[in-house]
Amino acid sequence: MKQLFRNILLGSKRIPSRVEYKFAILRGQFALLLLLVTVFYICLDWSNAVFSFIPWYLLMIAIGVSAIILNRKGYYILTNLFLVVTVNAIIYLFADVDHPQGGVYFFFANTSVMGLILFSTYGKPIQFFFGLLPIGLGFLALLVDFDLMIPPLNDPAMMRVNFLANFSTGLLTTLLIVQFLISRNKESERSLVESQQAITKTSEDLIKSDERYSMALKGTRAGIYEWNVKENRVEVSDYWKTLLGFAPSEMIGVTLETFLEMVHPDDIARTSESVQRQMSTHSPYQNEVRLRRKDGAYKWFQDTGIGKMDGAGNLQVVIGSIIEIHERKMAEEKILTQNELLAKANKELDHFVYSVSHDLRAPLSSILGLANIYAMARDQHERDDIIRMVSDRAHVLDNFIREVLDYSRNARLDLSLQQVRVADIVREVLSGLTHMDGIQA
């Protein structure tokens, strides 16, 4: 029923403003009240066989219906003027021909209250004008008789009936207007309470969100900054200062130039390029940079951020954070160094394996060659010489193996330089190749 009543007075159109909605409902209720009062007087006059005012009653019904239609279409100012002016005019016409003791003047109080209410948001002068207009019309009807309507009969009995009817209707109308105001105020209070509850809940949610955000920042050990591009002003959090060794009261008035001065000289080009890319592409950025702390030492930080545009599509503000990654970068550099050393060791190992395999094969090939010669030799003296040469090659192989073991031990010792005879080395190499297949002595 409430929704049906609302649709009759306002239609299905949604009114976003709570104030406009309240006054639209009041305006519709005043028009509906005019229709009810008019129907009551039609019945009253009909029962008393008074038909002279029926056309005026029909005009009042048309005024009430027209006011509801205008209100439904959203012509709120026009509806106010139409309703207040026409109702005051109709009451004035009745007061002009009625006896002062008939009680029609009671309705000027109703129209005065209606004018004060409907024009309360249009400024004090307009509000008081429509509030005082019924008083002026009342005095005019009392002091000057224009007799624009057929006057009613001045029968004392009929005058008492009209007085009681007008008094009761006027008082009842005033009570209904007050009730309308109370209902609208209760709705407004209820709306305010609901809004206050919603605001309180939103505030609590914001506090919880802020607490979670602070915990998240502490957990990630991130220092927050906000760079106003247009003003070239950087606001930094206390933890941002702490990460760089400063107290919260220090580092006031930070600018982009201040930040770049803290960047390691080897990282300035990359950092400036990252800033320029952010300003041109408006995309999120991430950069690893070394920043100089208050004590002068450089530490690695990961700088990440994202920009916000204004209505014209220009970069307005950049919000980001820095996280210390010094230990991670040191570990990465250590791993990189170890990888380089490992690659070098693998290369040396490959060279060592190649050299060892070659130097091992040389005496073994000589021994195999001497073994073939020994099998073909018939002279015992020749065979003794071959046995002696095999023994020499075996000693060479044994010395080489000892040298390999010495090399393994020397790799973990300090380097010791000694003089060598190149001629002896050359003779040793040629001796090792003497009895290999395909080698002529």
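Is Glu288 buried, partly exposed or exposed, and at what relative accessibility? Select Glu288: at 25% relative accessibility, this residue counts as partly exposed (buried is under 20% relative accessible area, exposed over 50%, partly exposed in between, with a 1.4 Å probe and protein chains only).

This is a predicted model, in which local features need pLDDT of at least 70 and side-chain atom pairs count only at pLDDT 80 or more, while totals for chains, interfaces and linings use all residues. Residues are numbered from 1 along each chain as its sequence is written, and side-chain values use heavy atoms, with hydrogens and water left out.

**Stop 1: Glu288 and Arg328**

Glu288 is in strand β3 (residues 285-292) and Arg328 in helix α11 (residues 326-376), so the bridge ties together parts 40 residues apart in sequence. Helices (H or I, at least four residues) and strands (E, at least two) are DSSP runs, numbered from the N terminus. Arg328 is partly exposed, at 35% relative accessibility.

**Stop 2: Glu332**

Arg328 and Glu332 are 4 residues apart in helix α11, about one helical turn.

**Stop 3: Lys299 and Glu324**

Select Lys299 and Glu324, another salt bridge, whose closest N and O atoms are 3.5 Å apart. Lys299 lies in strand β4 (residues 298-309) and Glu324 in strand β5 (residues 315-324), 25 residues apart. A search of the whole structure finds 11 salt bridges.

**Stop 4: helices α4 and α5**

Select residues 76-97 (α4) and 106-118 (α5). These helices pack at an angle of about 165°, with axes 10 Å apart; axes are lines fitted to C-alpha atoms over the stretch in contact, and angles run from 0 to 180 degrees between N-to-C directions. That makes α4 roughly antiparallel to α5 (an angle over 145 degrees).

Show side chains at the contact (heavy atoms within 4.5 Å). Among the residues making it are Leu83, Val87 and Ile91 of α4, and Phe107, Phe108 and Met114 of α5. By class, the contact has 10 nonpolar, 4 polar and no charged residues. Ala, Val, Leu, Ile, Met, Phe, Trp, Tyr, Cys and Pro count as nonpolar, Asp, Glu, Lys and Arg as charged, and the others, Gly among them, as polar.

How values were computed
Salt bridge = Lys/Arg side-chain N within 4 Å of Asp/Glu carboxyl O. Parallel < 35°, antiparallel > 145°, perpendicular 65-115°, else oblique.
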